Amino acid sequence: MANSNDNNNEVVAEMDGFYRIYKDGRVERYIYQKSNLSTYVPPSLDDPQNNVSSKDVIISPHVSARLYLPKNTTNSTQKLPIIVYYHGGALVLGSAFFKSYHNYLNVLVSESNSIAISVEYRLAPEHDVTTIYEDSWTALQWVASHASEKKFTSGNEDLWIKNYGDFSRLSIIGDSAGGNIVYHMTMRAGREGGINEKVTINGSIFVCPYFVVPIENIEESASYKNWIIISSPSEAGLHSPLINPLAENAPSLSQLGCSRMLLCFTEKDEFISKEIGIRFVKGVKKSGWKGDLELIEVEVEGHCFQLANPESEKSQNLIKRFAAFIQL
């Protein structure tokens, strides 16, 4: 006869190679065991290779972030572009504090000469997908609140952002699941007339964004299967505007609340077909959205390749494209 421990150890859902969910609600993210890039690393006030300082901050009881600042910043009259970065991981995996993102943000900040806020949000399936969007919006509003002349009453004002941030050049960036988050943050900013009354999104960068739309064999894909596992019953399927921005009940893409967009897809992406990217771009253009749209397709490379080796030639070329976009 099975005891309670046996029942608790029963696997109720699994994404082979990535994670499994047990009957008692535990989530085992065993992909973390396969790469040292998925290890947590501390911030550093001195990254000699890229000349970037980093530190961790608490934004709210559930949201934190790692901040990055170029060390060549000498005084508060020197204003820098602001990056708000959302990490990837299928909305289930990843962390702003992983070695892969720490290394990548150091390179991106150095190349773009910007200040970056890399957001640590709660994950599915322990939390509903909409909670992830709320955490991400909380972080974005916290960053934008530094544009106010008023002093913080909550005690979590950050002087790096306050002293060096150029709020007219605020960009949000995300890879994979982070790209999905960028979409939802940009749509919300459009609905609400900006992040707050003073700050809008200048640019949005989507890198291999986690979208699932009806294309051939999509229901066999890992991205679709993952969505079925982590979404609520009412959102489980291709009809959900949370994962399909082209769904019939999705809001018009004309509402995207940014001035410029840059979308990046890779030729050999094993998770997000470049066809999805092409359809999204067509949908944006068809909607009548008024901003500037740029599409990058990287040949040969796979899903979010730049994270594994940001020093490679193709990664460097892509980061330079991102930096040029951020600096405008």
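The following conversation goes through selected features of a predicted model.

Biologist: What should I know about the model before we start?

Modeller: The model is predicted, so local features need pLDDT of at least 70 and side-chain atom pairs count only at pLDDT 80 or more, while totals for chains, interfaces and linings use all residues. Residues are numbered from 1 along each chain as its sequence is written, and side-chain values use heavy atoms, with hydrogens and water left out.

Biologist: How do helices H3 and H5 pack?

Modeller: Helix H3 covers residues 129-144 and helix H5 covers residues 177-192; the angle between them is about 65 degrees and their axes are 10 Å apart. Helices (H or I, at least four residues) and strands (E, at least two) are DSSP runs, numbered from the N terminus. Axes are lines fitted to C-alpha atoms, for helices over the stretch in contact, and angles run from 0 to 180 degrees between N-to-C directions.

Biologist: Which residues make the contact?

Modeller: From H3 they are Ile132, Tyr133, Glu134, Ser136, Trp137 and Leu140. H5 contributes Asn180, Ile181, His184, Met185, Arg188, Ala189 and Glu192. Contact here means heavy atoms within 4.5 Å. By class, the contact of H3 with H5 has seven nonpolar, three polar and three charged residues. In this scheme Ala, Val, Leu, Ile, Met, Phe, Trp, Tyr, Cys and Pro count as nonpolar, Asp, Glu, Lys and Arg as charged, and the others, Gly among them, as polar.

Biologist: What do the side chains of Arg188 and Glu192 do?

Modeller: They meet in a salt bridge, with an N to O distance of 2.9 Å. A salt bridge is a side-chain nitrogen of Lys or Arg within 4 Å of a carboxyl oxygen of Asp or Glu. Arg188 and Glu192 are four residues apart in helix H5, which means about one helical turn separates them.

Biologist: Are those two buried or partly exposed?

Modeller: Arg188 is buried, at 18% relative accessible area, whereas Glu192 is partly exposed, at 44%. Buried means under 20% relative accessible area, exposed over 50%, and partly exposed in between (1.4 Å probe, protein chains only).

Biologist: How many salt bridges are there by this rule?

Modeller: The count comes to 17. One of them joins Lys274 and Glu297 at 3.2 Å, N to O. Lys274 lies in helix H7 (residues 274-287) and Glu297 in strand E11 (residues 292-298), so the pair ties together parts that are 23 residues apart in sequence. Another pairs Glu294 with Arg321 at 2.7 Å, N to O. That pair links distant parts of the chain, with Glu294 in strand E11 and Arg321 in helix H9 (residues 313-327), 27 residues apart.

Biologist: Changing topic, how many disulfides does a search of the whole structure find?

Modeller: The search finds zero. A disulfide is a covalent bond between the sulfur atoms of two cysteines. The rule applied is a pair of cysteine sulfur atoms within 2.5 Å.

Biologist: Last one: what does Gln327 touch?

Modeller: Gln327 lies in helix H9. Not counting residues up to four places away in sequence, Gln327 touches Pro81, Glu111, Ser112, Asn113 and Arg169. The C-alpha atoms of Gln327 and Arg169 are separated by 7.2 Å, although these residues are 158 residues apart along the chain. Gln327 counts as partly exposed, at 36% relative accessibility.
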